[in-house]
Amino acid sequence: MIKSDEQTRESRRLIIALFIALCVHIAVFVVSIYVQRMKPPEPRVVTVSLVSLPGPGSDAAQELPGGAPVVDEALVVDNPEPEVSESAEPELVVMPEKPVIPIEPVKQEKKVEPERKAEKLPEKPENQLNDALRALKDAVNEKQPTDLERTLARLKQKVDTQGPPSSLYNRQGGIGSGAGSGSYGAPLSPYELYLSRVVTIITKSWSFSGELIREQGVVESYVALTIMPDGSVADLVFDRHSISSYFDETVKKAIEKASPLPPVPADVSLSALRIGLIFTPSGIE
């Protein structure tokens, strides 16, 4: 079995080699035929015969029987092909130059940039402080009364200071001159003792700044209070305003802050008690 397989393989190899050789021979044959067909055809030879004509005094031209002229073979010249020199260079054809048209440069339009607004630099703290002080000064000047208003306030003050508006503001021994010491060293009455307590409490609740009083003249406010037996303030009336609205406002706030006041003693009054207080920058009278 092994020998038969080897013989089969060798026969296959032989057949393949024969087939390859046959293909190579066929290819060579085809190529040779193609090359022969590609050869250029041979040029034709043209023969020219020169016949000498008889001139005057010359022998007659020899003629062949039948009238044909005799052609000298030596005069037959083959028409040789013109030789083409390999070194001959082709002639250069000079074309006429085309006129050069100048190209104008394209003008570029300049873009107009919008003007930039100048940015405001942040102000220095010193400038801001000066501006604030200037604005405050202008506001204060606007609030200050004119000369006419001051003159009218002085006239009103003269009229008002002619006397207290009522007997509530009459003081015999003064307020707060000391417990147990009335007019001429006499002991204080229960009414004067109670009034002294009320003045002390309101004074502790009162605060104001004299620098904010721009008006010139006497500053006095006459205020009448109605105190209930339990100490609550039932009524507050300005019998006479001062020349400063700021001063009057501080007086009103001090009384509201001090309320309720101490209860009214039974030996002073069993019903509502009405008292009058005089407020000045130096204190309460």
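The legends below go with a set of close-up views of one predicted model.

Residues are numbered from 1 along each chain as its sequence is written. Because the model is predicted, local features need pLDDT of at least 70 and side-chain atom pairs count only at pLDDT 80 or more, while totals for chains, interfaces and linings use all residues; side-chain values use heavy atoms, with hydrogens and water left out.

**View 1**
Helices (H or I, at least four residues) and strands (E, at least two) are DSSP runs, numbered from the N terminus. Going along the sequence, you pass through α-β-β-α-α-α-β-β-α-β-β. Of the 285 residues, 18% count as buried, where buried means under 20% relative accessible area, exposed over 50% and partly exposed in between (1.4 Å probe, protein chains only). If you take contacts (heavy atoms within 4.5 Å) between residues at least 6 apart in sequence, 72% join residues at least 24 apart.

**View 2. The annotated stretch at residues 12–35.**
An unreviewed UniProt entry labels these residues "transmembrane region"; such annotations may be inferred rather than shown by experiment, and the positions follow the numbering used here, with feature names shortened. In the model, residues 12–35 are 100% helix and 0% strand, and the end C-alpha atoms sit 35 Å apart.

**View 3. The open sheet, in the order E4-E3-E5-E6.**
Its four strands pair in the antiparallel sense, and two strands count as paired if DSSP finds at least two bridges between them. E4 and E6 (283–284) are the edge strands, each pairing on one side only. E3 and E4 (residues 233–240) share six bridges, and threonine 226 stands opposite aspartate 235 in E4. Five residues lie between the strands of this hairpin, where glycine 231 takes a positive phi near 100°.

**View 4. The largest nonpolar core, with 26 residues.**
A nonpolar core here is a set of buried Ala, Val, Leu, Ile, Met, Phe, Trp, Tyr and Cys residues joined through side-chain atoms within 4.5 Å. Tyr194, Ile202, Leu225, Val251, Ile275, Leu277 and Phe279 have the most contacts inside this core. Helix H4 (190–204), strand E3 (221–227), H5 and E5 each supply at least two of the core's residues. Zoom in on leucine 225: leaving aside neighbours within four places in sequence, its contacts include Ile202, Val233, Ile255, Ile275 and Leu277.

**View 5. The loop between helix H5 (245–258) and strand E5 (273–280).**

**View 6. Glutamate 285, in the segment after E6.**
Glutamate 285 has a relative accessible area of 41%, so it is partly exposed. Asparagine 170 is 115 residues away from glutamate 285 in sequence, yet the two are 9.8 Å apart in space, C-alpha to C-alpha.
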